[in-house]
Amino acid sequence: MTTTNPATGQSLHVGMLARVEGEGGMDIRIRDGVVESVALNIFEPPRFYEAFLRGRRWTEPPDITARICGICPVAYQSAACAALESICGVAVPDHVRLMRRLLYCGEWIESHTLHVYLLHAPDFLGYDGAIEMAGDHPAVVERALRLKKAGNDLMALVGGRAVHPVNVKVGGFYRLPTWEEMSAFRPTLQRAFEDALETVRLVATFDFPDFEQDVDYLALRSRHGYSIESGDPVTTGGLSFPVADFPRHISEHHVAHSNALHALLDGKPYLVGPLARYTLNFDQLSTTSQDAARQAGLGPTCRNPYQSIVVRAVEIVYAVEEALSIIDGWSGQPEASVPVPPRAGEGMGASEAPRGTIFHRYVLDDEGIIRDAQIVPPTSQNQPSVERDLQRAAQAWVDMDDEALTHRCEQTIRNYDPCISCATHFLDLRVDRS
Amino acid sequence: MSIADAAPTAVVAGLGRPDRGDDGVGAEVVRLLSTQDLPGVSVQVLEDPTALIDTWAAVPVAVVVDAVVSGRPPGTVITRDVGARAEPLSSRAWGADASRGSSHALGVATAVELSRALGRLPDRVVLVGVEAGSVDFGFGLTAPVAAAVPGAAAAVLAALGLSHRPERSEPVDPAAPAGRVEAG
């Protein structure tokens, strides 16, 4: 929808940024062909969940925080459990960690597939959206739905339900899937493996504008393998610190134009997400996924946000492979969980959501009542860098007509797969040329 | 053979987020319906609209209950047939996709049209919409929307060609995965 304001010239107003999770908003001001400012206007609800958690019991965050994001509930559950278990002095057995990793693979598969095919691919193929794309490429969209369903079904297998997995608790799970159940799921994963490789081949054919990000990347690095469910932060700037130290390095600030909190790393913008993971942990990817990445034209690092769609596709391959590997190597340990008696204290936890690192911090009293909670989702950590990229992109394409410029800016935002419902509320897009 | 094992002849899906105020109306309507005896009808709560594409794939009739934001008075119940025999929706249909507090980029209209493009849309898909008063964070429905729940449930039954049904002896948990035994 375009409106014209006679006083200030043309302004473009799009009611919703299409094809991102939730809603968000963007204002671009251009004067005499120069981009003066770009602002992501994010109307965040008043940190509802952090407030809601205060006064709750230490066993409740997995169920409560899973509601924050319908696409990445496991990410919230995982970081919450890690933080709470650390306060209570509990380390879950390795087979429980592996089962959590298996559940998380399901989330990576469904979230990345949704984004790659239904949210982002239409940009590269010249379609307004997935529906138009489905008309011309039904087999591609069928593959997307099949692959997404495999991810959802894996989450249901381990988590008890595809959305808001009810089987997760502090200390582990209420019930482990049986070997028969996991075995019966293998054919679905084998099909998903082929579909995932096809996905990399498809996105490798897309045209990518040249664009290099120079900002610091942050991701978790784990001794267990490519970071998903655990690890400690490392950065491309050479920083490395335990998760427990994250409040010393990551600070959240209110920005005037946006009601979401913007996060800074030692006072500077930074980025989390697939490019960060890939660039920092490429050596830990499987041989198959490394080969798929190379055949798609990627090197061992990637700093072009437009190629994030390729990195996500590679991560789908890895997640499917890892799921098969965990099932095939299952030790058969029957213990679904360990007890987590409450203790007073403060604890931090982190995991790699599909969109990037998510941090949780809790403070408990000696009865296990939550006195404070802090949730730092990946999307709010990326906001300052998204704005900088948007400013560069808008300047690079400032001579385009407004509709084309709007599309380019929306595409740029979609590079980040922003889970805006994790941080924000409604979205408008305004381009103001004066 | 339980209801969960037999292939359903119709699907009723309540959509929305219970933590976003009136966006939880779909789940509330489904909860009311689960107390009634509806043989052959699979009644479930869904929070991801794209799951509809698989959920309704093999049934001739589907009814979807959801909050909408369309400028009508809160609590207004509207119905619309969007099945394979009906006209295609625009991507901004319902207003709900565009302007409510949806946590999903792909809303109901997209699920419908994607299914139509892939030949997976049931002949009859009835959307029962309840106009939201507020979709701010918080649990619980506003008064006019809560008052509309029985009327919305009646609209679902009408869409299924059923009148008021007797109560089930044991209500089905509409949030439980169909056919699965919950951990005891």
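Residues are numbered from 1 along each chain as written, and chains are lettered from A in the order in which they are written. Because the model is predicted, local features need pLDDT of at least 70 and side-chain atom pairs count only at pLDDT 80 or more, whereas totals for chains, interfaces and linings use all residues; side-chain values use heavy atoms, without hydrogens and water.

**Stop 1: the aromatic cluster**

Select A:Phe48, A:Tyr49, A:Phe52, B:Phe137 and B:Phe139, which form one aromatic cluster. Aromatic pairs are rings of Phe, Tyr and Trp (its six-membered ring) with centres within 6.5 Å; planes under 30 degrees apart are stacked, over 60 edge-to-face, and the rest tilted. Over all chains, the structure holds 15 such pairs. One of them joins A:Tyr49 and A:Phe52, edge-to-face, at 6.3 Å centre to centre and with 80 degrees between the planes. Both residues lie in helix α1 (residues 48–53) of chain A, three residues apart, about one turn of the helix. Helices (H or I, at least four residues) and strands (E, at least two) are DSSP runs, numbered from the N terminus.

Is A:Tyr49 buried or exposed? A:Tyr49 is buried, at a relative accessible area of 5%. Buried means under 20%, exposed over 50%, and partly exposed in between (1.4 Å probe, protein chains only).

**Stop 2: charges over rings**

Then select A:Arg303, placed over the face of A:Tyr217 at 4.1 Å from the ring centre. The criterion is NZ of Lys or CZ of Arg within 6 Å of the ring centre and within 35 degrees of the ring normal.

**Stop 3: the nonpolar cores**

A nonpolar core is a set of buried Ala, Val, Leu, Ile, Met, Phe, Trp, Tyr and Cys residues joined through side-chain atoms within 4.5 Å. The largest has 146 residues, and those with the most contacts inside it include A:Leu102, A:Tyr278 and B:Trp56. Helix α4 (residues 94–125) of chain A gives the largest share of this core, 15 residues. Apart from it lies another core of 28 residues, among them B:Val12 and B:Val130.

Centre on A:Leu102: its contacts (heavy atoms within 4.5 Å) include A:Leu154, A:Met182 and A:Ile327, not counting residues up to four places away in sequence.

**Stop 4: chain B**

Finally, display chain B, which has five helices and five strands in the order β-α-β-α-β-β-α-α-β-α. Of its 184 residues, 53% count as buried.
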